Amino acid sequence: MRSILYKSLCFLAAIICSLSSLAQFHREARWISVTEPQKANQWICFRKKITLKKAMATAMTKIAVDSKYWLWVNGQLVVREGGLKRGPNPQDTYYDNVDLAPYLKAGENTVAILVWYFGKKGFSHNSSGQAGLLFDLPTPSGSNWVSNASWLCRVHPTFGETQAPFPNYRLAESNIYFNAQTDIEGWFEPKFDDSHWESASEMGAVGDTPWNNLIERPIPQWHYSSLQNYINTPPLPLNSLGDTLALQLPKNLAITPYFKIEAKAGQKIDIRTDNYYGGSEPNLRTEYITKNGVQEFESPAYFNGHTVKYFFPKGIKILSVQYRATRYNYEIQGDFTCNDAFLNKLKEKALTTLNLNVRDVISDCPDRERAQWWGDVVINEGEMFYYWNQAGHQSLQKAIRELVAWQKPDGALFSPIPAGNWDRELPAQMLASIGEYGFWNYYRYTGDSALIAEVYPAIKKYLSLWEIDENHLVKHRTGGWMWHDWGQNVDVALLDNAWYYLAMKGLCKMAHLLGLEEDVAAYAYQMQEMKDAFNETYWRGNFYRSPNYKGITDDRGNGLAVVAGLSSPEQYGSISLFLSQELHASPYMEKYILEALFLIGEDKKAIARMKTRYKSMVNSPISTLWEGWELNSATYGGGTYNHGWTGGPATLLSQYVAGISPLTNGFKTYKIQPQIGILTSIKAQVPCPAGLIKVNIQNTPQQFTLNTEVPVGMQGVISIPILTDIYSEITCNGTVIFANDKYINALPWLDLVPGNEHYFNFEVKNGGKIVFVAKNKK
């Protein structure tokens, strides 16, 4: 029966994949471009007059470009930075689907599109090698307005190249250079005279190389704010003395900078942020050459930082300086606060960091690389589940499909992807990606079994590349870059086996979900052999350590052994003591060590370690979390001050401290089992498919109160921690359910279920508001 389910899911996944791959552009649509030679950092203007007999209720328009576009309809900016960096797989291209109906009218309409052709490869973009635009607007008459030789175009002469330094090789984007003296003013307006523009050149039909098949954009268009004032904007107007104007943002944001000035022609304005050299190498900046008179400009490319630095030459009259914030289009739905200001600030900094690290891809940092390293994705996904709405799920689906679609013919997986200038496998990160904390965790929180069916064969193929030795342990796989973590004292063999076991664990669960019981039996047998061998080979009585390892015993491998389920309760005491003393991991692996302490039940030690490790970051004026424990450090790969992998504690605070997690896959049922340490108050809410799960905890010397609100109809288990020797009384919604050391079966929708010495576990069969009050004995 289950194998039939798997075949059905595979069939469904194939249909979904084929539908998304068939862009269904009109057969007469053509890729168009200019006749001039293509070059990197080229900006091209396109215009077309479209006549409609009547207004349209919907006008879902398909637009594909390499690489980005800005779209105006009748002079109104409709899409700001449309398009996705290229690479749903190594050959193909994404396209947008945009409803233009609100902007079109009966009669003549003007469509204007500015295309930015990156023209070079990067860590998150695979250049096609050819600038191009494809456009398809269906009309009620059944005809389509499509891109073809009837469109007009020209290279925008105002954009060009700055002088060195240029953005580092990881970035496909170039610096912005804009010479206002050669601007084509109002070129996107309906009344603009385009009679001297050239006709577009037709470069190919839908599906032709180099763009190939077209995959619909799977994530929302970006969110943009209105223009905002800086915190310390000086009184304006202001005559520049030739100094740099350093303007403060409220926190680290991705922004597009704006100004309005009066100036003489030929003066150069430089705009960059305090993060221009973030991660030790140059990122993006903007140069603007003035024309004569009053002028305004907003740089189209975003960059991030805390301070935007405008260099205005002497004599320029500054009329306005503002910024526009931009981000992935999500909503915050989850939250965690407690009585500890340190933990609250750590959570806020983690979410600020996450905000900047999801856009075209789920990236490691928003400056130096903007690259989808999958070790970072695995940590970021937990934060997205606990704090974002389901728009975050779309980004994760995209990331998962991309990782599998870029699989090499021999089965090897690698990241970052999509990438045009990287193809080296980091084996430990790949194991993390496809395992219990990567792909399976996605299913645990979403219940998306179709995607699991889609990716299962690729995961199985990748794991088959790993070899097992005669002792049932995994052989080291060098891949393209032997990297497990920044820092010293990395016990590679220990980590290899723990990551492999986690990958097998995830694969085994996927096989069971898909009804592949023969696979399940084979994986379970191999896992048991590995677990026995792991403990026989690596356990040293108080900690794990591989025989040939020469460094100081590694906290990473010991924490990961607990997280993987390789250790047993009788080992927990010595492991937790060891993890309280050894501090070698970078922020990347620190999340798993902290999680190990929560899994062991040592919440006080976990919170204490969290506060020790993150002290410098939380106390820093920088509003984001760093790549390493030190800034600008070669020990941590350059030490960016905004790094996605460092936000793991935000997940742990909601998942373990507030205690909210899925009891069954897809969050069909829930568990609330708080580990409060020495905290006295906690308030949290977590989004799940059925709605929001809310928790409010108060812990006083007199009583423990757990106030919950759960979506109606949702069932789960709520656990009351035993914080004293015994409670004199426990009530639920005002009814006594425990007194005189006995459970009283007083509520038909509530049952006491087996637990352990640390909790009273209650099965709750309905949703709504549920309040437990546990009174301490006097």
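**View 1. The second largest cavity of this predicted model has a volume of about 70 Å³.** A cavity is a set of points, on a 1 Å grid over the protein atoms alone, where a 1.4 Å probe fits but cannot get out, and lining residues have an atom within 4 Å of a point; the volume is the space filled by probe spheres set on the points, which are joined across faces, edges and corners. Among the lining residues are K68, E81, K85, E173, D360 and R370, and by class the lining has six nonpolar, no polar and six charged residues, where Asp, Glu, Lys and Arg count as charged, Ala, Val, Leu, Ile, Met, Phe, Trp, Tyr, Cys and Pro as nonpolar, and the others as polar.

**View 2. The largest cavity holds about 80 Å³ of space.** Of its 13 lining residues, Y302, R359, D360, S363 and R370 are the closest to its centre.

**View 3. The charged end of R217 sits over the ring of W222, 4.7 Å from the ring centre.** This term requires NZ of Lys or CZ of Arg within 6 Å of the ring centre and within 35 degrees of the ring normal. The charged end of R272 likewise sits over the ring of Y276, at 4.5 Å from its centre.

**Notes.** Residues are numbered from 1 along each chain as its sequence is written, and side-chain values use heavy atoms, with hydrogens and water left out. Local features need pLDDT of at least 70 and side-chain atom pairs count only at pLDDT 80 or more, whereas totals for chains, interfaces and linings use all residues.

Key. On a 1 Å grid over the protein atoms alone, a cavity is a set of points where a 1.4 Å probe fits but cannot get out, and a pocket is an open set with protein on both sides within 12 Å along at least five of seven lines; lining residues have an atom within 4 Å of a point.
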